[in-house]
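Please look over the model below before reading on.

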Amino acid sequence: MHERFEAVRKQTQAVLARARELYGVDINPIIGFNLTGRVAGWASCKMCRMTNRRVFGLRFNQQLIAGKHFEDIRDETVPHEVAHLVCYARPE
């Protein structure tokens, strides 16, 4: 299971690097594996009141990663959720 989480993290970093090249965004999200139910991934952007900076986050469904949908999450959900972060970082 640990190797699947690492594969999702590695894919996330690869997609973030590509987003940096294409769109000039430098996003370093907090990555969690604490989603449950039928939702595969979740992207968020919140404002930190103390630093007045945006905090980006990605959450993935550990049960789906552990099951037969691992490749779908790695190859489809990760880029989809990173695209949400790019839109949050560059809303124009």
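In this predicted model, Gly24 comes directly after helix H1 and has a positive phi, near 70 degrees. The helix that ends there runs over residues 2-23.

Which residues of H1 are buried? They are Phe5, Val8, Thr12, Val15, Leu16 and Ala19. Because these residues cover an arc of only 105 degrees around the axis, they sit on the same side of H1. On the face turned away from that buried side are the exposed residues His2, Glu3, Lys10 and Glu21.

The buried residues of H1 are covered by elements that include strand S1 (30-35), strand S3 (53-61), helix H2 (62-66) and helix H3 (70-89).

The largest nonpolar core of the model consists of 20 residues. Val8, Ile27, Phe33, Phe60, Ile65 and Val82 have the most contacts inside this core. H1, S1, S3 and H3 are the elements that each give two or more residues to it. The most comes from H3, which supplies six residues.

Which residues does Phe33 contact, leaving aside its neighbours within four places in sequence? The contacts are Phe5, Val8, Arg9, Phe60, Gln62 and Ile65. Among them, Phe5 and Val8 belong to the buried set of H1, while Val8, Phe60 and Ile65 are listed with Phe33 among the core residues with the most contacts.

Key. Residues numbered from 1 in each chain as written. Predicted model: local features only at pLDDT ≥ 70, side-chain atom pairs only at ≥ 80, totals over all residues. Heavy atoms only, no water. Helix = DSSP H or I, 4+ residues; strand = E, 2+ residues; numbered from the N terminus. Expected span 1.5 Å × (residues − 1). Buried < 20%, exposed > 50% of the residue type's maximum accessible area, 1.4 Å probe, protein only. Arc of directions from axis to C-beta. Contact = heavy atoms within 4.5 Å. Core = buried A, V, L, I, M, F, W, Y, C linked by side-chain atoms within 4.5 Å.
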